[in-house]
Structures are given as C-alpha cells and as structure tokens.
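Please consult the sequence and structure shown below while reading.

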Amino acid sequence: MLYDDAEKWSREEIEKAQIERLRRSLQQAAASRFYGALFREHGVNPDAVRGLDDVRRLPFTTKKDLREAYPDGLLAMPHADMVRMHVSSGTTGAPTVIYHTKNDLDWWASLMARCMHMVGIRPTDVFQNMSGYGLFTGGLGIHYGAERLGCLTIPAGAGNTKRQIKLITDFNVTAVHIIPSYALHLANVLRDMGVDPASLPIRFALVGAEPYTEAARRRLEEMFDMKVYNSYGLSEMNGPGVAFECTEQHGMHLWEDAYIAEIVDPETGEPVPEGELGELVMTTLGREGMPVIRYRTRDLTRFLPGPCPCGRVHRRIDRIAGRCDDMIIIKGVNIYPMQVEAILMAMPEVGQNYLIELDRVGVMDQITIKVEVKEEFFVEDMRALTGLQKRITSRLRDEILVTPRVELVEAKSLPQGEGKAKRVVDKRGTDS
Ligand code: ADP
Ligand code: ZN
C-alpha cells in the first residue's frame with residue numbers, strides 16, 4: 001500500500017516531473033540575491049534547461065556559500081512569506097539557516113509521512129519523538145510527519161531518559177525516532193533499571209541523524225526486539241524525509257520527485273562511475289522559499305544498482321559511510337570512524353560506546369581507541385581482558401591498516417551527550 005501517487009511513479013514519470021520542477025526551482029532561485037549573482041556569473045538561464053543532463057552544467061552550492069549568504073542571501077520570496085526557520089546542528093562548524101514557507105512545510109511533512117508509512121507505521125501507532133526539538137530538524141521535522149500520518153505523537157524531546165521510558169510504557173508507544181548513540185545509551189539505562197529493552201512495546205524505530213553501521217542496527221533490533229529503519233536527511237534539504245529505508249532494509253529510497261541526487265568525486269566534482277562511493281549532491285525540487293541547487297552535502301555514499309524488490313523506482317543510496325570531513329589521516333592512511341565502529345559493534349564483548357583519540361607523540365601520529373566493555377565481560381580476569389584487547393587490536397589493524405592502541409574501559413564510562421555523538425577527538429597540533 002502506498003502513501004501517495006509519486007511513490008509509485010515510473011522512471012519516465014519521475015524524470016518528466018524532475019525536469020519541470022527543476023526549471024521552476026531555478027526560476028525561483030534566480031530571485032534570490034545569492035543565485036541571482038551566481039547564475040549571472042555562470043550564464044545560467046533556467047528556461048534553457050531541457051534535460052536532466054543540464055544539471056551537471058549548473059554551479060555547485062557549498063556549505064561555505066550558505067554561511068556567507070547568512071542570514072537571508074538565499075531567500076527567494078519575501079521575508080513575510082516565511083513561517084519557519086531551522087539551523088543545521090553545526091557539527092562541522094558555523095551553522096547555516098534554512099527558511100520555509102507554509103507550502104514548504106506542507107511538502108516536507110508529507111515526504112516524512114510517506115517515509116513512515118512505507119515501513120508500516122499507521123495512524124493507530126503511538127509515536128514518540130526522542131530527538132531534540134528547537135532548531136534541530138529531527139524534532140519538528142519528524143513531528144509534523146508523524147502528525148500528518150495521523151499518529152498520536154509525543155514530543156518527548158531529547159534526554160531525561162527515565163521520563164522517556166515512562167512515556168513509552170504508559171502510552172504504549174509502538175514507534176519512535178531516536179539517534180543511534182542515544183538508543184544504545186537508552187538500552188544501558190533500561191538494563192540498570194532492571195528492565196529488558198525487548199519488553200517495551202516499541203515495534204518500529206526511525207534511526208538516523210548520524211552515521212551508524214549495519215552491526216549497530218542489528219544490535220539495536222535484537223536488544224529492543226524492534227525494526228530499525230535508517231533515516232537520512234540534512235537541514236539544507238529540509239531535514240529528515242530525504243531518503244529512507246523500505247522494509248527490505250537494503251539502501252534508502254531517495255525521493256526523486258522532491259530532489260535531484262548526484263554522486264560526485266569529492267575532489268574533482270565529476271560524477272563517479274555508477275555504483276561507486278562519492279559525495280552526495282542534491283537539488284531541491286519542491287521548496288519555494290529557499291531552493292538550493294546542487295548542494296555539496298559532504299556525505300559519502302553510493303547509488304545501489306538495480307531495482308528494489310519493493311517495487312519503488314526512486315533510487316536507493318547506501319548507508320552513509322561518513323562525511324568527507326570525518327576522514328582521519330594517520331600515518332598516511334585514510335580512516336573513517338565507521339570502519340572502526342563496524343569492527344567493534346560486531347564483537348559481543350564490546351559495550352555501546354567508543355571514542356577515537358588522535359595524538360602526536362614526538363613526530364609520530366598515534367591513534368588510541370577507547371572501547372567500552374560490557375559489564376559481564378569486564379569482571380573477567382586479567383588474562384581474558386588482555387586476550388580481548390589483543391583480538392580487538394588485531395581486527396582493527398586488519399581493517400584500518402595501522403595499529404591502534406586499544407584501551408578497554410568500563411561500560412558507560414565514556415562521555416554520552418544527548419545530541420550527535422562525537423566519535424573522534426583530535427589532540428594533534430594542540431600541544432605545539
Ligand atoms: P549538521 O551537518 O550540522 O550535523 P544537520 O542537523 O542538518 O546538521 O545534520 C545533517 C547531517 O547529519 C547529514 O549531512 C549527515 O552527515 C548526518 N546524517 C543524517 N542522517 C544520517 C544517517 N541516516 N546516516 C548517517 N549520517 C546521517
Ligand atoms: Zn524498496
């Protein structure tokens with residue numbers, strides 16, 4: 001059963017709509033100060049756009065552009081028509097602001113509702129949103145989607161874990177939105193309270209906003225006895241509701257009636273061969289207040305080849321491998337935090353949290369990985385722990401090709417915030 005018409009469009013229908021909507025988006029964008037100047041500089045004429053190949057000739061928009069245009073250089077309609085603004089979390093630097101008109105919010109809510117409906121959430125479900133509200137789009141963005149779908153929606157917000165648990169049990173919550181690091185933390189708190197996470201009524205979890213691995217998903221699904229669906233979005237493209245897993249749990253359908261997606265080589269900006277990893281670039285097709293054209297997301301992913309068994313034609317992107325900015329270069333080797341997570345989360349002795357620390361000792365870079373060990377394993381004798389440490393070290397070395405120092409620490413001892421997890425602490429350069 002499909003939520004709306006566009007969900008079942010064929011490739012021809014998608015492409016036809018994309019061209020028309022792209023032209024409209026460009027016309028709209030040209031009214032903004034930023035794109036007005038950019039289009040003049042690059043000789044972009046929205047009316048001359050004939051086919052989707054023309055997208056590649058349009059200039060990129062970067063996070064730096066959005067920062068420089070702060071606060072309203074990308075506004076394409078009068079300020080008075082705007083009804084909401086969000087700013088991105090600022091994970092990688094100064095935040096950027098995104099405005100929405102009433103129509104924009106309407107469009108966003110329906111995209112989000114489509115995602116939730118796709119995995120089987122229905123108006124009879126009770127939905128608890130456990131992510132921060134306020135400027136972060138995971139709050140209101142998901143909230144209005146759940147309401148649009150018709151769920152009783154509990155705006156729990158982030159943190160206050162005991163209250164979250166009380167709400168879940170008192171109101172028989174069957175669907176939640178939660179970020180991965182907080183979900184793992186929630187499981188710890190439940191266990192401390194003597195509650196088996198699997199005994200909660202939750203059946204569906206929308207999990208996203210930060211990278212996590214397949215191993216972490218399986219862990220969550222087993223612990224809570226629920227289905228975890230990967231949810232991808234970014235403030236610049238509204239927020240959640242951009243790409244979402246179907247029940248196949250194999251890649252996220254990126255809604256192509258709403259966005260044009262490309263994957264490019266982050267160095268050259270040229271398209272990567274089909275199916276290869278690169279930077280996701282996106283263009284909004286449905287936003288009137290502040291269209292964004294060919295936005296360099298800095299997120300690394302690939303298009304999954306072939307049709308999805310679910311029958312939806314909207315192209316699937318793979319789980320986000322990380323951000324271009326997340327790449328650690330140590331001893332000349334490139335490492336992504338998710339490579340480390342994939343190894344750790346697959347080991348049953350490893351707890352829910354880890355931290356990567358980079359140091360410079362003399363002229364040598366050093367990588368230390370602090371790993372929480374589950375309580376039941378931490379009480380083992382020294383020999384067993386040393387054995388575990390060696391196993392972790394050797395598996396990590398095989399994956400990341402440098403030998404890390406592995407420090408085993410007690411469960412729940414590493415810092416745990418309410419927002420996006422900070423996986424890497426780089427102390428290099430701070431001592432010089
Ligand atoms: P910020 O870029 O400051 O964190 P946002 O709150 O807009 O601001 O977050 C969007 C970013 O979050 C994305 O660009 C991506 O890096 C990350 N993200 C969102 N959803 C996912 C997901 N499902 N998997 C991995 N990363 C995600
Ligand atoms: Zn599918």
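Helices and strands are named here from DSSP runs and numbered from the N terminus, a helix having at least four residues and a strand at least two. The model is predicted.

**Cavities**

- The structure contains 2 cavities of 30 Å³ or more.
- The volume of the largest cavity is about 50 Å³.
- Its lining includes the run of residues Ala 69, Tyr 70, Pro 71, Asp 72, Gly 73, Leu 74 and Leu 75. Leu 66, Val 97, Tyr 99 and Met 290 also line the largest cavity.
- By residue class, the lining of the largest cavity comprises 9 nonpolar, 1 polar and 1 charged.
- The second largest cavity has a volume of about 30 Å³. It is lined by Met 130, Val 176, Ile 178, Ala 183, Leu 186, Ile 202, Phe 224 and Met 226.
- Which elements each supply at least two residues of the lining of the second largest cavity? They are β5 (175-178) and α7 (180-192).
- The lining of the second largest cavity has 8 nonpolar residues, with no polar and no charged ones.

**Domains and their interface**

- The protein is divided into domain 1, residues 1-326, and domain 2, residues 327-426.
- Taken over C-alpha atoms, the centres of domain 1 and domain 2 are 30 Å apart.
- Contacts join 29 residues of domain 1 to 23 residues of domain 2.
- About 2000 Å² is buried between domain 1 and domain 2, with 52% of this area on carbon and sulfur atoms. Of the area that domain 1 buries against domain 2, Thr 213, Arg 219 and Asp 326 supply 28%, more than any other three residues.
- How many salt bridges are counted between domain 1 and domain 2? The count is 1.

**Salt bridges**

- In total, 33 salt bridges are counted in the model.
- One salt bridge pairs the side chains of Asp 192 and Lys 412, with an N to O distance of 2.7 Å.
- Another pairs Glu 214 with Arg 217, whose closest N and O atoms are 2.9 Å apart.
- Glu 214 and Arg 217 are 3 residues apart in helix α8 (residues 214-224), so about one helical turn separates them.

**Backbone geometry**

- Most peptide bonds are trans, and most residues other than glycine have a negative phi.
- The peptide bond from Tyr 70 to Pro 71 is cis, with omega near 0°. Pro 71 is located in the loop between α3 (63-68) and β1 (82-87). Both Tyr 70 and Pro 71 are among the residues lining the largest cavity.
- Ala 209 has a positive phi of about 80°, although it is not a glycine. The loop between β6 (204-208) and α8 holds Ala 209.

Key
Residues numbered from 1 in each chain as written. Chains lettered and ligands numbered in written order. Predicted model: local features only at pLDDT ≥ 70, side-chain atom pairs only at ≥ 80, totals over all residues. Heavy atoms only, no water. 1 Å grid on protein atoms, 1.4 Å probe; cavity = no way out; pocket = protein on both sides within 12 Å on 5 of 7 lines; lining within 4 Å. Points joined across faces, edges and corners; volume = space filled by probe spheres on them. Nonpolar A, V, L, I, M, F, W, Y, C, P; charged D, E, K, R; others polar. Domains from an automatic or database assignment. Contact = heavy atoms within 4.5 Å. Buried area = accessible area lost by both parts, 1.4 Å probe. Salt bridge = Lys/Arg side-chain N within 4 Å of Asp/Glu carboxyl O.
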